[in-house]
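Please open the model in a viewer and keep a selection panel at hand.

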Amino acid sequence: TIIEPGSGEAIKVRPLIEALGARADAYVPIDIASDQLDAVAKELSALYPDLTVRGIATDFFSPFKIDQPDNAVIFFPGSTVGNMTESAAVGFLRNLRRATGAKRFLIGFDLVKDRHVLEEAYDDPAGVTAAFTKNVLQRINRELGGTFDLDLFEFRADYEDEKSAVVMQLVAQEAHSVSVAGTTISFEAGETIHTEDSRKYTVDRFASFAKKAELVPLKTWTDKDRYFAVMLLDTIDA
């Protein structure tokens with residue numbers, strides 16, 4: 001049984017399902033969007049008729065519980081674990097284990113690499129990450145009656161060695177004030193809104209971190225440039 005928190009369109013899991021073949025008995029996508037889950041269930045059931053698909057509509061960061069399936073593996077490939085502090089990530093993995101009864105985890109994480117490669121990946125010339133980050137302000141404007149002028153903020157992504165993370169911020173280009181839900185907030189020129197950290201790991205450091213969540217590595221795969229890794233982990237008390 002493959003359990004995937006934050007499954008989205010269930011694109012990443014398909015090579016795994018195909019590689020497992022007849023061993024893939026069931027797929028449990030977990031996502032906050034119930035309509036998306038219904039669409040995924042229909043599509044995957046058509047693609048893989050022998051696979052049982054049963055989605056769970058919930059915020060996987062909140063407490064939830066599913067039937068304890070036999071031989072379950074948590075599939076969490078997209079390096080989302082790098083967006084959490086280590087203590088939060090340890091708690092998250094422990095909660096997943098309690099909620100699902102899974103004994104094994106297959107987790108993706110971004111590897112430490114050259115600073116320039118990382119900063120260009122996030123502060124990309126096409127401005128994809130910048131637009132994604134500024135969408136936070138657009139949502140505040142739309143849902144909380146905010147008055148943010150997106151042109152008054154510049155996106156910045158810097159790699160910080162001490163954190164081993166790319167730190168993303170929106171930087172006010174001039175002094176101004178905005179209103180959010182009836183509250184006025186003033187910004188000085190150069191003041192920042194810290195939006196996200198994206199932590200990078202070495203394979204050894206990730207293995208040490210995982211042990212805090214009672215997980216031990218069994219096998220690790222990386223791409224040829226060692227930019228990204230996927231690690232298979234087992235529970236210590238398994």
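Which residues does L233 touch, not counting residues up to four places away in sequence? Select K103, R104, F105, I107, F206, A210, L215, V216, P217 and L218: these are its contacts, a contact being heavy atoms within 4.5 Å. This is a predicted model, in which local features need pLDDT of at least 70 and side-chain atom pairs count only at pLDDT 80 or more, while totals for chains, interfaces and linings use all residues. Residues are numbered from 1 along each chain as its sequence is written, and side-chain values use heavy atoms, with hydrogens and water left out.

L233 belongs to strand β13 (residues 228-235); helices (H or I, at least four residues) and strands (E, at least two) are DSSP runs, numbered from the N terminus. L233 has a relative accessible area of 0% and is buried (buried means under 20% relative accessible area, exposed over 50%, partly exposed in between, with a 1.4 Å probe and protein chains only).

**Salt bridges**

Next, select D110 and K200, whose side chains form a salt bridge at 2.7 Å, N to O. The term requires a side-chain nitrogen of Lys or Arg within 4 Å of a carboxyl oxygen of Asp or Glu. D110 is in strand β6 (residues 104-110) and K200 in the loop between β11 and α6 (203-211), so the pair ties together parts that are 90 residues apart in sequence. D110 is buried at 13% relative accessibility, and K200 is buried at 0%.

Move to R115 and E119, joined by a salt bridge of 3.4 Å, N to O. They are four residues apart in helix α4, which means a separation of about one helical turn. R115 is partly exposed at 31%, whereas E119 is buried at 19%.

Then display E86, R205 and K212, which are linked in a network of salt bridges.

**A buried residue without a salt bridge**

Select E4 in strand β1 (residues 2-5). E4 is buried but has no salt bridge, the nearest side chain of opposite charge being K12, 6.1 Å away (Lys and Arg count as positive and Asp and Glu as negative; His and the chain ends are not counted). Show Y27 as well: its side chain makes a polar contact of 2.5 Å with the side chain of E4. Such a contact is a pair of N or O atoms within 3.5 Å; within protein, one must be able to donate a hydrogen and the other to accept it, and residues adjacent in sequence count only if both atoms are side-chain atoms.
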